[in-house]
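Please keep the sequence and the coordinates at hand.

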Amino acid sequence: MLILSPSILAADFTKLGEQIKETVEAGAEYIHLDVMDGMFVPQISFGMPVIETIRSCTDKVFDVHLMIQDPGRYIETFAKTGADIITVHAEACTHLDRVIQQIKAAGVKAGVALNPATPLSALDYVLDELDMVLIMTVNPGFGGQKLIPYCLKKVSDLRAMMKERGLDIDIQVDGGIKASNAKEVIEAGANVLVGGSAVFSGDVAANTKAFMDVFAEFE
Ligand SMILES: O=C(CO)[C@H](O)[C@H](O)COP(=O)(O)O
Ligand SMILES: [Co+2]
């Protein structure tokens, strides 16, 4: 199933609830929540109180992307905010396998994200424990960047690796994803597409629909 996960980082925070509803009504199934700590990435975005507050806006899947150092410190707290999926960066965890177990023990789906330059081998021993792999298509930390082309090869290599192992895990792509390159990332093997600026710049409903139109070509 192809899923759009709009990243609210690019939304107008003065009308956040309204914009979330707009994208959901136009077909978004997930809401992507970028938590940045000013350590793992340079920016500080938002944390638990914001996620808890907007939980009442929609019952769609809350897809929490933790760009924080040592995320194991906060898994239970984020689970309590209403997260459905928690994704941690392999580069930010000293004991990745333990953090994955922590996420699952909290009753939440587990994702692991890889920065563009991190090889797929970082997932070798934990892949079958995961519900989702996030292949970053930009270096994390900022919205509005351009997709790094070599990341698409990484997506197709990961899909092939999964096939070889008989796994069918969601592959999410995040960073510089637009309706105009959606076909290419889907063909590479991604099925969960994060869109920040491409969804929230301008007409939110029309932007969401542009992704849905691409998805319809694969039905
Ligand atoms: O994780 C992220 C940044 O680190 C964001 O999810 C991503 O940047 C989305 O924004 P855009 O689609 O504008 O690139
Ligand atoms: Co993100």
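Gly-141 is partly exposed, because 16 other C-beta atoms lie within 10 Å; a residue counts as buried with 20 or more other C-beta atoms within 10 Å of its own, as exposed with 12 or fewer, and as partly exposed in between, with C-beta atoms placed from the backbone. The model is predicted: local features need pLDDT of at least 70, side-chain atom pairs count only at pLDDT 80 or more, and totals for chains, interfaces and linings use all residues. Residues are numbered from 1 along each chain as its sequence is written, while chains are lettered from A and ligands numbered from 1 in the order in which they are written.

Gly-141 sits in the loop between strand S6 (132-136) and helix H5 (150-164); helices (H or I, at least four residues) and strands (E, at least two) are DSSP runs numbered from the N terminus. Gly-143 lies in the loop between S6 and H5, but is buried, because it has 22 C-beta neighbours inside 10 Å. Apart from residues up to four places away in sequence, Gly-143 touches Ser-7, Leu-9, Ala-10, Gly-196 and Ser-197, a contact being two C-beta atoms, placed from the backbone, within 7 Å. An unreviewed UniProt entry lists "binding site" positions, including Gly-141 and Gly-143; UniProt positions follow the numbering used here, feature names are shortened, and annotations may be inferred rather than shown by experiment.

Around ligand 1 there are 22 residues, the closest being Ser-7, Pro-140, Gly-143, Gly-196 and Ser-197; the criterion is a C-beta atom, placed from the backbone, within 6 Å of the ligand. Strand S2 (30-36), strand S3 (61-67), S8 and H7 each give two or more residues to this shell.

The unreviewed UniProt entry places "active site" at Asp-34 and Asp-174. These span 141 residues of sequence, yet the largest C-alpha distance is 10.5 Å. Asp-34, in strand S2, is buried, with 24 other C-beta atoms within 10 Å. Asp-174, in strand S7, is buried with 28. His-65 is one of the contacts of Asp-34 and also one of those of Asp-174.

Which residues are buried in helix H6 (residues 179-188)? They are Ala-179, Ala-182, Val-185 and Ala-188. They lie on the same side of H6, because they cover an arc of only 135 degrees around the axis, taken from the directions from the helix axis to the C-beta atoms. The face turned away from that buried side carries the exposed residues Ser-180 and Glu-187.
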